[in-house]
Amino acid sequence: MSETSPFLAHASRSDAGVERGTGDRMGTEQERAAMGGAHRFVGLAESLEHHAGTPTGAEPPNVHGTNRGYGLVFFHLQQYHLTTVISTGLRFQPLGAEPAQELACTVYKEQAEAARHLVDLTAGLLVQQRTHLVPDQIVPNEQPLLPGTEFHGVLASGHPLFPPEFTRFTDPDGVEQLQVFTLLPVTLGELNYILDNGVTSLRQQWARFEVDVFDLGRPSVV
């Protein structure tokens, strides 16, 4: 991917942070540290394209008028008919994550808009609360995240299909600079199951019943 890739272009537009009033500009040491060091991510766009497929579109940070602090890039993997939506710009936000983070969601091509919604919703929450995710964290919601579904949350995970190099981006020296958490939608029943039995047990149930986690039309496994 060239330097004018959507992933790099929209990251550069979001690294100035979310627009605020003049009395609340980015100025803390944490914020300045988060905005610096873009050189750490050289090769990131190529790595994501290698795993997620061809870039097919992008949504800028100011798509709704104000700068939300991140953009979204769409990738399509023809071999599996999968679309992956990945945030770009969270890594420059002061979320307290080390290494930095971006979010992804992979679904079948026809469900790309739903994946966009899930990544946007979760990324917006992280920016608003200035927090970050940890592996296997559940982000629950009282109401269904998608109309007509039972999904009441997302699980922050490694990618079920792509190799570990997609989730953990390292620089030429082998130092991990970025984690790309894949958001896996979970139903209300699955959320309750996790509370009682843990994430590992739910994954075992998914494997036992051959659940297609990329299909947003799937039924709950429990």
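Which residues have the most contacts inside the largest nonpolar core? In this predicted model, they are L90, L103, V119, L133 and L146, in a core of 26 residues. Strands β2 (71-77), β4 (100-108), β6 and β8 and helix α4 (112-129) each supply at least two residues of this core. The most comes from α4, which gives seven residues. In soluble globular proteins, nonpolar side chains tend to be buried together.

Leaving aside residues up to four places away in sequence, L90 is in contact with G69, Y70, L95, Q101, E102, L103, A123, L126 and V127. A second, separate core has 16 residues, including F41, L48, F162 and F166.

Strand β8 also holds T187. T187 is buried, with a relative accessible area of 1%. Beyond residues up to four places away in sequence, T187 touches E150, F151, H152, R218 and S220. E150 lies 37 residues from T187 along the chain, yet their C-alpha atoms are separated by 5.0 Å.

Next comes helix α6, residues 188-197, whose buried residues are E190, L191, Y193 and I194. Viewed down the axis of α6, these residues fall within an arc of 160°, so they line one face of the helix. Their cover includes β5 (138-140), β6 (151-157), β8 (176-187) and α7 (199-208). On the face turned away from the buried side, α6 carries the exposed residues L195 and D196. After α6 comes G198, with a positive phi near 95°.

Conventions: Residues numbered from 1 in each chain as written. Predicted model: local features only at pLDDT ≥ 70, side-chain atom pairs only at ≥ 80, totals over all residues. Heavy atoms only, no water. Buried < 20%, exposed > 50% of the residue type's maximum accessible area, 1.4 Å probe, protein only. Helix = DSSP H or I, 4+ residues; strand = E, 2+ residues; numbered from the N terminus. Arc of directions from axis to C-beta. Contact = heavy atoms within 4.5 Å. Core = buried A, V, L, I, M, F, W, Y, C linked by side-chain atoms within 4.5 Å.
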